[in-house]
Amino acid sequence: MRISIQACIDGQGASPPRVITIGCVERDAGVDPASGMGLFVREAHELLRQMQAIVLREQADEFVRVAAGCLACGRCLGIKDTKPLVYRTAYGKAILRSPRFYSCCSGCGFKSGDGDTISPLAHALRERSHPQWTWFQCRYASVMSYRLAQIYLRDAFPGGKALPTSSIKRNVGAIGQRLEREANQATGDAAHSFRRANRLPLTGPPLALQIDAGYIKTPPQADGKRWIPVVASKLVRSSRGRGYAHASALGLGRRQGMRQQAFLQSVGVDRQSPVTVLSDGGDDISHACKLPAATARVLDWFHIGMRFEQLLLSLRGLRGADAYTKDRLQRDVVAAKWLLWNGRKERCFAELEALRRETGWVGSHNALGRLIRYLRGCSALLVNYAGRRAAGLPISSAGAESVVDYLIGQRMKRNGHMRWTRAGANSLLQVRCAVLNGQDVRNFKRWYPPGKQFAPLPRAHLLS
Ligand SMILES: [Zn+2]
């Protein structure tokens, strides 16, 4: 059996339609159908690649035909030379003909461009990659390593065969920088909207914003630092249950607070909504926690719970205690945790101090000492968690997982082997957040509106 696949290109005006053979599918009648019927991935990729090459070539030629006319009289401009233009898509790359025309019309003398020559295709296609192809790279590189994304794209798309990891990195970096520029702009706008004169009163139910700092390994820098701090935050809107993430690796400075505010506005939060900031109480995020709409700061129950868990784990290995004593001590720890949960922090501290005497753990170089020091240090941020929960107020992010692990740990740590530059890490974080927030498609549609009509730049000459 032999099926040949052809493309029929309808003729322009008087020219007849053209038929181009794309490929053929041959099957041996004796082959067991169980070994796979229909197209194999390799065949499908090859057919798609051929089809894409035809579509690209025809589309580019037609565009040049339309765009190469004199803007005044419509007569075809004189051609100077033709250069190859490489365009990459998910269905393979194509080398397109990009002719250069003399911008001065030989008929009416009108100049259709600023320079002596114009290259309509090269001018219109400033990015030599299909937006959807760039989007795929961003999407996968944001949830897996560049190497894994390259393997996946290579297997899934004909265009992935000629896509090195370095290209993915470069494309993701460019999109990340674009998002960073937009975030910077939004931060400036937020600062403007919260100036004293523009400020509006805060009303409505408070939103919960979990803010945390994470650290990413970097190659040794000039100042000897080996880690880049990242401010990560997560907003969970209880009404829809959907989480939104934000991260920035550009320092821990004052601007972080306004940046958090800009992030909230970018995901549709009204600037009048009050915000409850949940954090681990660390100093590194003190600026980020001071966003203008923040009305309360609460020590995140997730972090408290985690530290109690660490203490319970250490108690299991307590030397010189029998199983019965260990069990009793663990029950005391759980009791102390519930005291804290119910807002009775002084009684909780008393319980923990009593545990010190029982275990003989003094100082702060043990799990108990660390817990006591942590809770006392953040004492002002401790609230009645049971009361808040009962009132429907947030005590932690709904997912209850650390925002740092969610944003950074799962993509940027990987057994501690990954090293990042500040710019590279920040770009990837912007792309990752956009994908996790489900905003990546919307961004690309905003940047590259589908079906948008092409307007040649020199048309301004005619209008003025
Ligand atoms: Zn002309």
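Q: In this predicted model, which residues of H5 are met by Tyr146, Arg147, Ala149 and Gln150 in H4?
A: The contact of H4 with H5 involves three nonpolar, two polar and two charged residues. On the H4 side stand Tyr146, Arg147, Ala149 and Gln150, and the residues they meet in H5 are Thr165, Ile168 and Lys169.

Q: How are H4 and H5 oriented to each other, roughly parallel or roughly perpendicular?
A: Helix H4, residues 146-156, packs on helix H5, residues 165-193, with the two axes 9 Å apart and at an angle of about 110°. Because angles of 65 to 115 degrees count as roughly perpendicular, H4 is, relative to H5, roughly perpendicular.

Q: What is the division into nonpolar, polar and charged residues where H5 is in contact with H6?
A: The axes of H5 and helix H6, residues 255-266, cross at roughly 100° and come within 8 Å, which makes H5 roughly perpendicular to H6. H5 contributes Ala183, Ala186, Thr187, Asp189, Ala190 and Ala191, while H6 contributes Arg255, Met258, Arg259, Gln261, Ala262, Gln265 and Ser266. The residues of this contact divide into six nonpolar, four polar and three charged.

Q: How many residues of domain 2 on the side that touches domain 3 are charged?
A: The domain assignment places domain 2 at 180-300 + 396-445 and domain 3 at 303-381, and their centres, taken over C-alpha atoms, are separated by 31 Å. Six residues of domain 2 are in contact with five residues of domain 3. On the domain 2 side, two of the residues are nonpolar and one is polar, and the number that are charged is three.

Technical notes:
Residues are numbered from 1 along each chain as its sequence is written. This is a predicted model: local features need pLDDT of at least 70, side-chain atom pairs count only at pLDDT 80 or more; totals for chains, interfaces and linings use all residues. Axes are lines fitted to C-alpha atoms, for helices over the stretch in contact, and angles run from 0 to 180 degrees between N-to-C directions. Helices (H or I, at least four residues) and strands (E, at least two) are DSSP runs, numbered from the N terminus. Angles under 35 degrees count as roughly parallel, over 145 as roughly antiparallel, 65 to 115 as roughly perpendicular and the rest as oblique. Two residues are in contact if their C-beta atoms, placed from the backbone, lie within 7 Å. Ala, Val, Leu, Ile, Met, Phe, Trp, Tyr, Cys and Pro count as nonpolar, Asp, Glu, Lys and Arg as charged, and the others, Gly among them, as polar. Domain bounds come from an automatic or database domain assignment.
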